[in-house]
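Hi everyone, thanks for making time for this. Have a look at the sequence and the model, and I'll talk you through a few places in it.

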Amino acid sequence: MSKKATGKIGVLLVNLGTPDTPNTPDVRKYLREFLLDKRVIDINPVGRYALVNGVIAPFRAPKSAKVYQQLWTDRGSPLLYHGIDLKEKLQAALGNRYHVAFGMRYQKPGIKSALEELRDKSVERMIVVPLFPQYASATTGSVQDKIMEIVKDWWIIPSINFISTYCDDPNFIKAFAALGCKYMAEDDYDHVVFSYHGVPERQILKGSDHGYCKLGSCCNSYNKRNRYCYRASCFETSRLLAAALGLRDDQYTVAFQSRLGKDPWLQPYTDDVLKTLPAKGIKKVLAFSPAFVADCLETTIEVGEEFKEMFEHAGGEKWQLVESLNSSQPWVEALREMVLQH
């Protein structure tokens, strides 16, 4: 009897992106590509072009470059090397029937080169894993958009399966909770803050299922109507993490960071929340950033250093950041299970 031939399965891991170097010209180049994405700044193209090239990139790049210089290591950008490490470990965990590639939505290594790598391996189908647990149009949606833009020109397009959201994946939750438990075993914390990257409120409303989203109690449950609502996803991740950590509802806060511009973004804002905590007797805080699976500027610098300084200035005693999953073995195993299920 002849055996049925089976080809390789391609797995594409995609993260957001990072400048090639922490120098101002490369940071400006990265900011331009990132912020000119119509899903990131979702205003009319002329206004977006003028805003990014006339205001944000020229003035923000030098400031951002100084922050990236604090973040940079001997291996370069953490977002990049954690991605490469994760790719190699997931490849080892999945075995020879799979080929794992890694790409960035912005800058290098790009999505196009990662897709070409998989095509060169003659994969029979692809499983795409955007490294964003909670779906948002500006992140996961943008990755999907870019991939479809590239493969539309291929003569043969293999089956492509997008893992669009895994905010409630049990193994993802377990991996993050394990990191938190390590810190909770070392000290008694008064409160836990789950800080997520923010998005403009208008983007949540634009993706609402026939007006279901009201930016309120609609996110108190996670269901088929708000499965792709970023706000609902963040609250669901927080509820599951809190349960895994043994927290009551009054022992944690969900907040949103990194807002840009004057339009309202998802609230409450983390920097506003943390300043009020010491006056309530909350002196020791354990902080998570569950929207990020790899440490980067928003975790290490913003949450780990800037928020710590704000909290202490307001009268707090200890602000401890829980590192991201990076390429930890529990995270590798969680991804392996996700891929096998798909």
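Let me start with a question: does Lys262 count as buried or exposed? Lys262 counts as exposed, because its relative accessibility is 88%. The cut-offs here are under 20% relative accessible area for buried, over 50% for exposed, and partly exposed in between, with a 1.4 Å probe and protein chains only. Lys262 sits in the loop between strand E6 (252-257) and helix H9 (270-276). Pro200 is 62 residues away from Lys262 along the chain, yet their C-alpha atoms are separated by 9.7 Å.

Before I go on, two quick notes on where this comes from. This is a predicted model, so local features need pLDDT of at least 70 and side-chain atom pairs count only at pLDDT 80 or more, while totals for chains, interfaces and linings use all residues. Residues are numbered from 1 along each chain as its sequence is written, and side-chain values use heavy atoms, with hydrogens and water left out.

Okay, the whole chain. The protein chain has eleven helices and eight strands. Those are DSSP runs numbered from the N terminus, with helices (H or I) of at least four residues and strands (E) of at least two. Along the principal axes, the C-alpha atoms fill a box of roughly 75 × 50 × 50 Å. For 342 residues, a compact globule would have a radius of gyration near 20 Å, and the protein chain has 20 Å, which agrees. That radius is taken over C-alpha atoms, and the globule rule is 2.2 Å times the number of residues to the power 0.38. Of the 342 residues, 53% count as buried. And if you take the contacts with a separation of 6 or more, 75% of them are between residues 24 or more positions apart. Contact means heavy atoms within 4.5 Å.

His82 counts as buried because its relative accessibility is 13%. Leaving out residues up to four places away in sequence, His82 touches Ala294, Asp295, Asn326 and Ser327.

Now, helix packing. Two packed helices are described by the angle between their axes and the distance between the axes. Axes are lines fitted to C-alpha atoms, for helices over the stretch in contact, and angles run from 0 to 180 degrees between N-to-C directions.

How do H1 and H2 lie relative to each other? The axes of helix H1 (residues 24-35) and H2 come within 8 Å and cross at roughly 135°. H1 and H2 are therefore oblique to each other. Under 35 degrees counts as roughly parallel, over 145 as roughly antiparallel, 65 to 115 as roughly perpendicular, and the rest as oblique. By class, the contact of H1 with H2 has twelve nonpolar, three polar and four charged residues. Nonpolar here covers Ala, Val, Leu, Ile, Met, Phe, Trp, Tyr, Cys and Pro; charged covers Asp, Glu, Lys and Arg; the others, Gly among them, are polar.

Helix H2 (residues 45-71) also packs against helix H10 (residues 297-313), at about 95° with axes 10 Å apart. That makes H2 roughly perpendicular to H10. Val67, Tyr68, Gln70 and Leu71 of H2 meet Leu297, Thr300, Ile301 and Glu305 of H10. That contact has five nonpolar, two polar and one charged residues.

Most residues other than glycine have a negative phi, and most peptide bonds are trans. Where are the cis peptide bonds I want to show you? One joins Lys108 and Pro109, with omega about -5°, and Pro109 is in the loop between strand E2 (98-106) and H4. Another joins Gln267 and Pro268, with omega about 5°; Pro268 is in the loop between E6 and H9.

As for phi, Ser122 has a positive value near 55°, and Ser122 counts as exposed because its relative accessibility is 56%. Leu215 also has a positive phi, near 55°, but Leu215 is partly exposed, with a relative accessible area of 22%.
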